[in-house]
Amino acid sequence: MRRLPWRPALGAAALAVAAAWAIGPGERPIRFLRPSSSPAASAPVPQKLAKYASPVRYAYVPACQDGSGPCANWNLVTASGEHGWLPGADAAGSLALSQDGTRAAFLRGKDERYVVTDLRTGKTKPLPVRQKGGSVTEIFGAQPPRFSLDGRHLLIQLDRLDENDDVVLENPMVVDIERGAVHRLPRVDRVVGWTNAGLAVMTRKPTDDLPGHATSATFTVYSPQGKAVRTYTLPGNLADGTVTSPSGRTLASLVREIAPDGIADLGVALTDTSSGKPVRAVAPRTPTGWRIREILRWDGEGALVVKSRGPYNEIAHHVLDLGTGGMRPLGIDMGHVADLILQPADLGVVVGSVRQ
């Protein structure tokens with residue numbers, strides 16, 4: 001039986017438990033402080049919209065979860081401030097946005113088919129790929145769809161549960177959105193991301209050739225037509241959490257070190273993919289108490305889109321300038337949702353257009 005995705009909500013029962021903690025005679029009740037956030041009532045009510053007048057900046061999973069309208073579908077926010085919910089884009093499933101914010105891809109529940117919606121016209125194009133039984137989504141380790149940098153192709157990697165209820169990812173495939181052609185790739189350990197030349201994937205294996213490293217990571221770039229156009233091998237410590245630049249020449253990865261009081265963030269390391277040698281390190285100028293939690297993608301060759309975590313576990317999104325270390329906030333306001341769920345760090349947010 002397939003495990004269904006879930007997203008925890010903080011309801012009246014949880015609040016009652018917090019309020020009912022044992023308090024001794026004559027003791028004042030304990031007050032819990034939390035960062036301020038926008039009240040839920042101040043958030044615009046999303047409207048049912050299949051087309052949008054300006055590029056979509058981000059999409060998020062609503063917290064209300066009452067099974068209808070904006071609570072049951074992905075909610076979209078545009079550069080001009082439109083708030084809409086996308087028909088057919090089930091909030092329990094994965095969604096992808098093109099980098100220019102004009103297209104959305106998702107698994108349509110009614111026929112278990114992947115579709116792409118042009119957010120400027122509202123027209124939806126079915127793709128010749130089905131996911132029978134639905135996807136377990138990335139909460140349980142599935143690979144969400146990903147648009148190519150030009151928005152013309154889509155990575156889809158189907159998933160299933162084996163006899164032990166473990167998630168199994170099928171071979172990745174690249175779909176030509178306009179023509180409907182599907183090109184299947186060999187099995188890989190991880191999808192790294194799109195470059196200008198095609199899709200970068202990675203496979204790790206034991207090695208005796210790299211001193212000081214027990215494993216090596218082989219990166220292969222496949223053209224949208226499924227042909228291998230470039231291969232390079234790097235030490236295995238660069239296998240996880242790395243993102244390839246659009247040119248394919250540079251890998252970006254977070255550098256962390258175990259310290260006596262926890263994990264120390266040492267910034268972002270840039271690695272030359274042709275030589276495997278470090279290019280340079282970038283020290284992000286994060287706000288006090290904040291740290292970068294994840295690199296989402298590159299924005300051109302000189303910046304990264306990142307997800308950051310604050311001192312109270314709150315989440316924000318920034319563009320990191322690799323030349324200066326400056327952090328530009330994207331203004332993704334999730335305060336009205338963070339008030340309603342148990343774990344703000346697990347918010348379902350997909351970033352679209354980040355250009356000003």
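Glycine 193 has alanine 200, in strand 16, as its bridge partner. The model is predicted, so local features need pLDDT of at least 70 and side-chain atom pairs count only at pLDDT 80 or more, while totals for chains, interfaces and linings use all residues. Residues are numbered from 1 along each chain as its sequence is written, and side-chain values use heavy atoms, with hydrogens and water left out.

Strand 15 covers residues 190–194. Strands here are DSSP runs of E with at least two residues, helices are runs of H or I with at least four residues, and both are numbered from the N terminus. Strand 15 pairs with strand 16 (residues 199–206) in the antiparallel sense, over four bridges. Two strands count as paired if DSSP finds at least two bridges between them. Together, strand 15 and strand 16 form a hairpin with four residues between them. Glycine 198 lies in the turn and has a positive phi of about 150°. Strand 15 is mostly covered, with four of its five residues buried. Buried means under 20% relative accessible area, exposed means over 50%, and partly exposed lies in between, with a 1.4 Å probe and protein chains only.

The protein chain as a whole holds two helices and 27 strands. It has 356 residues, and 45% of them are buried. The accessible surface of the chain comes to about 18,400 Å². Carbon and sulfur atoms account for 53% of that surface. Accessible areas come from the Shrake-Rupley method with a 1.4 Å probe, and for residues only the protein chains shown count as cover. Contacts, defined by heavy atoms within 4.5 Å, were also sorted by sequence separation. Among contacts between residues at least 6 apart in sequence, 46% join residues at least 24 apart.

Strand 6 (residues 103–108) and strand 7 (residues 113–118) run antiparallel and are joined by six bridges. Within this pair, alanine 104 has threonine 117 as its bridge partner in strand 7.

Serine 94 lies in the loop between strand 4 (83–90) and strand 5. Its relative accessibility is 14%, so serine 94 counts as buried. A polar contact of 2.4 Å joins the side chains of serine 94 and glutamate 138. A polar contact is a pair of N or O atoms within 3.5 Å; within protein, one must be able to donate a hydrogen and the other to accept it, and residues adjacent in sequence count only if both atoms are side-chain atoms. Not counting residues up to four places away in sequence, serine 94 touches several residues, including Trp74, Ala105, Phe106 and Pro144.

Another open sheet of four strands has the order 23-24-25-26, again with antiparallel pairing. Strand 23 (291–298) and strand 26 (327–329) stand at the edges with a single partner strand each, so one side of each has no neighbour in the sheet. Neighbouring strands of this sheet are turned by 35° against each other on average, direction ignored. Six bridges join strand 23 to strand 24. Isoleucine 295 stands opposite valine 306 in strand 24. The hairpin of strand 23 and strand 24 has four residues between the strands, and glycine 300 takes a positive phi near 70° there. Strand 24 (residues 303–309) also runs antiparallel to strand 25 (residues 315–321), with seven bridges. Serine 308 stands opposite alanine 316 in strand 25.

Valine 305 lies in strand 24. Its relative accessible area is 0%, so valine 305 is buried. Leaving aside neighbours within four places in sequence, valine 305 is in contact with residues that include Ile295, His318, Leu330 and Val354. Valine 305 and glutamate 294 are eleven residues apart in sequence and 8.9 Å apart in space, C-alpha to C-alpha.

A search of the whole structure finds one disulfide. A disulfide is a covalent bond between the sulfur atoms of two cysteines. The cut-off used is a pair of cysteine sulfur atoms within 2.5 Å. Cysteine 64 is joined to cysteine 71, S to S 2.0 Å. The link is left-handed, with -115° about the S-S bond. Cysteine 64 counts as partly exposed because its relative accessibility is 44%. Cysteine 71 counts as buried because its relative accessibility is 10%.

Key
Axes are lines fitted to C-alpha atoms, for helices over the stretch in contact, and angles run from 0 to 180 degrees between N-to-C directions.
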